[in-house]
Amino acid sequence: MKRERIGQLLSARIAAGVLALALVLSAASGWGAEPGSDAERALLAKYSSLKDKLEKNQFGAPIYLESTDSEGKVRVDMYGVVPHPFETAREALQSPASWCDITSLHLNIKACTFKASTNPQQVTLYSGRKYYQPPSDAYPLKFAFTLVSQTPRFLEVRLEAEEGPFRTKDHRIVLQAVPLGGATTLLHFSYTYSQGTVARLAMNGYFSTLARGKVGFSEVTDKGGEQHLVEGARGAVERNTMRYYLALQTYLDTLNYPENQRFEQRINRWYDLTAKYPKQLKENDKSSYLAAKRMEHNRQVELQKKLGN
């Protein structure tokens, strides 16, 4: 009996040691032990409130968009369900290199480079025209890249830039993701920026001339009581946010292809997805977009090699 008691005590100590080691490894790896963060619970609560709208909407896809333009700040939030396991999305979307592959699909992004050795890490988007343009002629929008949270159930990434084109400021991109049932993932993508009086005047001049007639996705009611699609800065940010969201979806959809085929698959798929919304997103024909992206991709590779990452 004495030997049996000693054996039980040893087994208990070994089990306790294994549990302690597991907790140490969990803390060291960055995985949270909490049942869920406030951000995770808030995103799941938002999903519950939007479920019907995600299933039936004007997009013909599980996508929901909402936007505001108030007191000099423009914000768009997009929610979407993608048919990919959360683990796949979490691993794919947490590095600045991946975000360069994603954002450079946008027709106005002429190149994207990253610095992974800095703290915080940096991502630079070269924003320019809708046709081919060398990065040297584009506006370098420099973001600080932060992996805010990664747990077995939640991911949050932020990109923040103090200044942007047209004297805009406080550009912020936030991506959040949580797992849903059936190997699907809920993505929340938001874009926010601020503009002072000078920036707003410049933007208003642009939208009343060169960008006149361009619309977003939200319906608004004018002073006469008539409904129409939103225009101006709010409409522009809705269009660009949709382009970035479709780039996220495209990136995840093409991960199963061999690496040397992914770029061609991505530019083709991104264009085809945007073509579903011609009123908002149609800018040029597919052959022109593909040709420009191939040249811009080469310039991007050259720029990244010079950075040595």
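**Close-up views of a predicted model**

**View 1. Helix 4 across the strands.** In this predicted model, helix 4 (residues 96-103) lies across strand 3, strand 4 (121-127), strand 5 (139-151), strand 6, strand 7 and strand 8, and runs at about 180° to strand 3. Contact here means heavy atoms within 4.5 Å, and axes are lines fitted to C-alpha atoms, for helices over the stretch in contact, with angles from 0 to 180 degrees between N-to-C directions. Helices (H or I, at least four residues) and strands (E, at least two) are DSSP runs numbered from the N terminus, and the protein has nine helices and ten strands in its secondary structure. Residues are numbered from 1 along each chain as its sequence is written, and side-chain values use heavy atoms, with hydrogens and water left out. Because the model is predicted, local features need pLDDT of at least 70 and side-chain atom pairs count only at pLDDT 80 or more, whereas totals for chains, interfaces and linings use all residues.

View 2. Eight strands form an open sheet in the order 1-2-8-7-6-5-4-3, with antiparallel pairing, where two strands count as paired if DSSP finds at least two bridges between them. Strand 1 (63-70) and strand 3 (109-115) are the edge strands, each pairing on one side only. On average, and with direction ignored, neighbouring strands of this sheet are turned by 15° against each other. Helix 2 (residues 38-55) packs on the sheet and touches strand 1, strand 2, strand 6 (154-163), strand 7 (168-180) and strand 8 (184-195), its direction making about 80° with that of strand 7.

**View 3. Strand pairs within the sheet.** Strand 1 pairs with strand 2 (residues 73-82) in the antiparallel sense over eight bridges, and Leu65 stands opposite Met78 in strand 2. Strand 5 and strand 6 are also paired in the antiparallel sense, over seven bridges; a hairpin joins these two strands through two residues, and Leu147 has Val157 in strand 6 as its bridge partner. Strand 6 in turn pairs with strand 7 over eight bridges, again in the antiparallel sense, with Ala177 in strand 7 as the bridge partner of Leu155. The hairpin formed by strand 6 and strand 7 has four residues between the strands, and Phe166 in the turn has a positive phi of about 60°.

**View 4. Aromatic pairs.** The structure holds seven aromatic pairs, in which rings of Phe, Tyr and Trp (its six-membered ring) have centres within 6.5 Å, with planes under 30 degrees apart counted as stacked, over 60 as edge-to-face and the rest as tilted. Phe217 and Tyr277 form an edge-to-face pair, 5.9 Å centre to centre with 80° between the planes. This pair links distant parts of the chain, 60 residues apart, with Phe217 in the loop between helix 5 (197-208) and strand 9 (219-221) and Tyr277 in the loop between helix 7 (259-274) and helix 8 (278-281). Both Phe217 and Tyr277 are buried, that is, under 20% relative accessible area, where exposed means over 50% and partly exposed lies in between (1.4 Å probe, protein chains only). Tyr271 and Tyr289 form a tilted pair, 5.7 Å centre to centre with 35° between the planes. Tyr271 lies in helix 7 and Tyr289 in helix 9 (residues 286-307), so this pair ties together parts that are 18 residues apart in sequence; both Tyr271 and Tyr289 are buried. Phe59, Phe217 and Tyr277 form one aromatic cluster.
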